[in-house]
Each structure stands twice: as structure tokens, then as C-alpha cells.
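Subject: Structure handover

Hello,

Here is the structure for you to look over. My notes on helix packing and the cavity follow below it.

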Amino acid sequence: MDLLNALVAKGLRRELPTREEALAVLATSDDELLDVVAAAGKVRREWFGRRVKLNYLVNLKSGLCPEDCSYCSQRLGSEAGILKYTWLKPDEAAAAAAAGVAGGAKRVCLVASGRGPTDRDVDRVSKTIEAIKDQNEGVEVCACLGLLSDGQAERLRGAGADAYNHNLNTSEATYGDITTTHTYADRVETVQQAQAAGLSACSGLIAGMGESDEDLVDVVFALRELDPDSVPVNFLIPFEGTPLAKEWNLTPQRCLRILAMVRFVCPDVEVRIAGGREVHLRSMQPLALHLANSVFLGDYLTSEGQAGKADLDMIADAGFEVEGAGTVTLPEHRVDAAAAPAGGCGSHASAGCGSHGAAEGGGCGPCGGHGDDAQPAAAGAARTDLVAVRRRGTGTDLPPNA
């Protein structure tokens with residue numbers, strides 16, 4: 001297929017596809033799906049080989065968020081029966097992180113619900129980061145605390161944080177349809193603050209909220225321009241008790257096309273399969289490893305994930321290998337450019353290129369409307385049986401799933 005050949009060539013050159021090409025990937029048929037996966041897989045292997053980076057979530061503070069993000073089980077007014085607890089102590093968080101590291105995780109993601117941290121909260125998280133680093137040599141720590149105030153990113157960096165997550169979630173045009181208590185621009189500003197402080201930026205999206213193909217392409221192109229080092233792709237978990245509980249818009253094939261499009265647009269960036277992979281990719285998860293080079297291990301913030309051992313077996317059975325602690329995740333040219341001005345997910349930024357508690361896997365945000373020319377995805381069957389509220393790990397007396 002000429003389209004896929006062109007996209008592979010551009011991906012190997014780190015050149016941005018056109019919007020029309022990105023939209024065409026999302027519009028491919030199921031008959032063409034394996035060809036799409038194979039093409040995007042060539043780009044993934046060029047920059048990341050067959051390595052899979054494992055990440056582990058620690059929910060520092062669960063529920064009771066004052067923000068109204070429609071997709072989130074921790075939102076204001078949520079009736080989802082999730083765990084609710086206040087800040088974990090540093091030793092509790094460090095013990096939870098150690099379980100993930102023992103399971104093979106290279107990065108620990110510290111997440112707290114809320115609009116953003118107070119200075120006292122930053123002090124708490126700083127102590128937690130120090131405790132984790134003291135006990136786990138070489139582990140990466142990413143903080144995900146919501147909107148940052150001046151100086152907070154620098155303080156987190158000084159405490160030893162390596163990265164900061166804050167997702168764009170959806171297109172700027174439809175952001176107001178999902179959240180009214182903060183703006184898309186607020187999210188962009190927080191990612192830029194993290195970058196300016198020397199933190200590795202992690203910012204992604206949520207698919208499956210009723211968005212159009214155009215919305216998906218818009219947010220991924222915006223991410224390319226923003227230039228995060230990692231892009232988590234979340235698939236909406238329609239929690240009962242949230243406004244988007246009835247949004248079952250995804251099929252495994254749709255999820256694979258979305259991941260392929262993200263890989264083509266951001267070829268040399270850590271693309272992470274985040275929340276919702278078990279719910280929507282299901283038995284097609286191994287194919288997704290040909291597109292993404294990073295996954296979350298075990299459970300998510302408020303929902304249960306696949307067993308950690310099952311993740312490791314899946315990676316091995318698919319012919320991939322877990323990335324070791326001594327391996328640098330990003331390609332050399334991105335590491336070398338880390339101190340340089342932002343230049344897009346590839347080297348052609350001129351052509352275009354977070355989280356309030358995060359949406360179950362290091363990302364947040366459902367998108368809202370459909371443009372007049374939107375092509376809605378074929379609705380997937382509701383699989384409420386696969387949505388399990390987390391009842392183990394942090395905030396409980398049961399051991400974590402890692």
C-alpha cells in the first residue's frame with residue numbers, strides 16, 4: 001500500500017506525516033489491519049528494537065477530586081465505588097513502588113488526585129521520591145500531581161524526580177466538552193513548566209470518549225509539537241457512576257489503528273499503552289506491542305489490570321524483551337537533544353509535531369464533540385465484566401498486583 005510505504009519512510013526519517021495521511025491510517029479497513037501494524041512496527045523497531053519498558057503506578061491519594069473531568073472515576077460527583085484515601089506516607093509509597101520494581105518496572109509513576117499540589121503536597125511527594133530512590137537504585141520516578149504552580153517543577157526535580165506526567169487528553173476544540181474546571185491551555189502550560197525545569201515530559205491522550213478521527217489527529221499533532229519524551233495512550237474505561245459510563249466506542253481493531261497513527265506521528269518517542277488496554281484490546285494486546293514500546297505493569301489507579309506475571313508472559317511470548325534498568329529508553333539523538341530547545345517528537349517540528357489523578361493509567365480526558373465531517377468509530381460491545389474496581393495494593397491491606 002503506497003500510504004503505508006510513505007509512512008514508514010517518513011517514520012525512519014523522523015518526518016511528520018500529513019494530516020491526511022494520519023486520518024487515512026484511522027480510516028483503514030479491518031482487512032488492512034495487519035498491514036498497518038506491520039508498517040508501524042518497522043518504525044517502532046527502528047527506534048526501540050524489541051524492548052518493552054515497564055512502568056508501575058502508585059496512587060498516592062485516591063478519590064475526592066474537585067475537578068469535573070467527565071471520564072474520571074475520581075471526579076467531583078463521581079458515584080463510582082472506588083477506593084478513597086488521603087496521602088500515603090513516604091514509607092508506604094516506597095513499599096508499593098518496591099513491589100513494582102521487583103516485578104520488572106523501570107519507572108514508578110506517583111499519582112495524586114486533585115487540581116494541583118500545594119507547596120506542602122510537593123514537600124510530601126519530595127520525601128516520597130527520596131525514599132523510593134534510596135531503596136531502589138536506578139529507578140526512574142515520574143510525578144503526576146495535576147496543574148503546577150511556579151517553582152514546583154523545579155522543586156520536584158531537585159528532589160530527584162525524573163519526569164512529570166500531564167496529559168492533553170483530547171483536542172483543544174473539544175476539551176471544554178469534557179472538563180469545565182480547567183482549560184486545555186492550563187494543561188499545555190504545566191507540561192511546558194516541567195520541560196523548563198529539566199523534567200522529562202510525559203503527555204498523552206484518552207481515546208474512546210466519542211471523539212472524531214479529526215479530534216484524535218489534532219491532539220496527537222499537538223503532542224508532537226509539544227514534544228514530550230513519552231506519550232501514554234489511554235483507552236477510556238467507562239466506569240459506572242461517571243458521565244461517560246455508556247461510551248463503549250472502541251474495538252480492538254480501532255485501538256490498534258490509533259496506536260499505529262500515534263507511532264507514525266511520533267516515531268521516536270516512548271509510546272505507552274496505558275489504561276484500558278485489557279478492557280478494549282483484550283486478546284489483541286500482543287499485537288499492540290508491535291506499535292508501543294512501553295506498558296503499565298499490573299493494576300492502575302482505581303481499576304485492576306492484568307496480572308503482572310501475565311504481562312511478562314505476554315511480552316516474552318510475543319518475542320519481545322523487558323527493557324533493563326541499565327538501558328536508555330530513548331534513541332540517542334533524543335537524549336543528546338534533551339538540553340536543546342524543544343523540536344517536536346521527531347526532528348522536523350517546523351512541520352508540526354498530565355493529570356488530575358490521571359485516567360486510569362497515566363493519562364486523562366475524554367473528548368467531546370464530533371465535527372460535521374466526523375466518522376464515528378464502530379461501537380464496540382459493552383464489556384462491563386472487564387471493568388474491575390481496584391481492591392488491592394495501595395490503600396488496602398492486600399498485596400499489590402505486580
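In this predicted model, helix H2 (residues 19-26) and helix H9 (residues 252-265) cross at roughly 155 degrees. Their axes come within 8 Å. Angles over 145 degrees count as roughly antiparallel, so H2 is roughly antiparallel to H9. The crossing of H2 past H9 is right-handed.

On the H2 side, the contact involves Ala 22, Val 25 and Leu 26. Facing them in H9 are Arg 254, Arg 257, Ile 258, Ala 260, Met 261, Phe 264 and Val 265. By class, that gives eight nonpolar residues, two charged and no polar ones.

Next, the pair H5 and H6. Helix H5 covers residues 119-135 and helix H6 covers residues 152-159. They pack at an angle of about 20 degrees, and their axes are 9 Å apart. Under 35 degrees counts as roughly parallel, so H5 and H6 are roughly parallel to each other. H5 also passes H6 in a right-handed crossing.

From H5, the contact draws on Asp 119, Val 122, Asp 123, Val 125, Ser 126, Ile 129 and Glu 130. From H6 come Gln 152, Arg 155, Leu 156 and Ala 159. The H5 and H6 contact holds five nonpolar, two polar and four charged residues.

Last, the largest cavity. Its space is about 120 Å³. The lining has 14 residues. Closest to the centre of the cavity are Tyr 56, Leu 57, Arg 390, Gly 393 and Thr 394. Which element gives the largest share of the lining? Strand E1 (residues 51-61) does, with four residues. Sorted by class, the cavity lining has seven nonpolar, four polar and three charged residues.

That covers both helix pairs and the cavity.

Best wishes

How values were computed
Residues numbered from 1 in each chain as written. Predicted model: local features only at pLDDT ≥ 70, side-chain atom pairs only at ≥ 80, totals over all residues. Heavy atoms only, no water. Axes fitted to C-alpha atoms, helices over the stretch in contact; angles between N-to-C directions. Helix = DSSP H or I, 4+ residues; strand = E, 2+ residues; numbered from the N terminus. Parallel < 35°, antiparallel > 145°, perpendicular 65-115°, else oblique. Left-handed = near helix turned anticlockwise from the far one by under 90°. Contact = heavy atoms within 4.5 Å. Nonpolar A, V, L, I, M, F, W, Y, C, P; charged D, E, K, R; others polar. 1 Å grid on protein atoms, 1.4 Å probe; cavity = no way out; pocket = protein on both sides within 12 Å on 5 of 7 lines; lining within 4 Å. Points joined across faces, edges and corners; volume = space filled by probe spheres on them.
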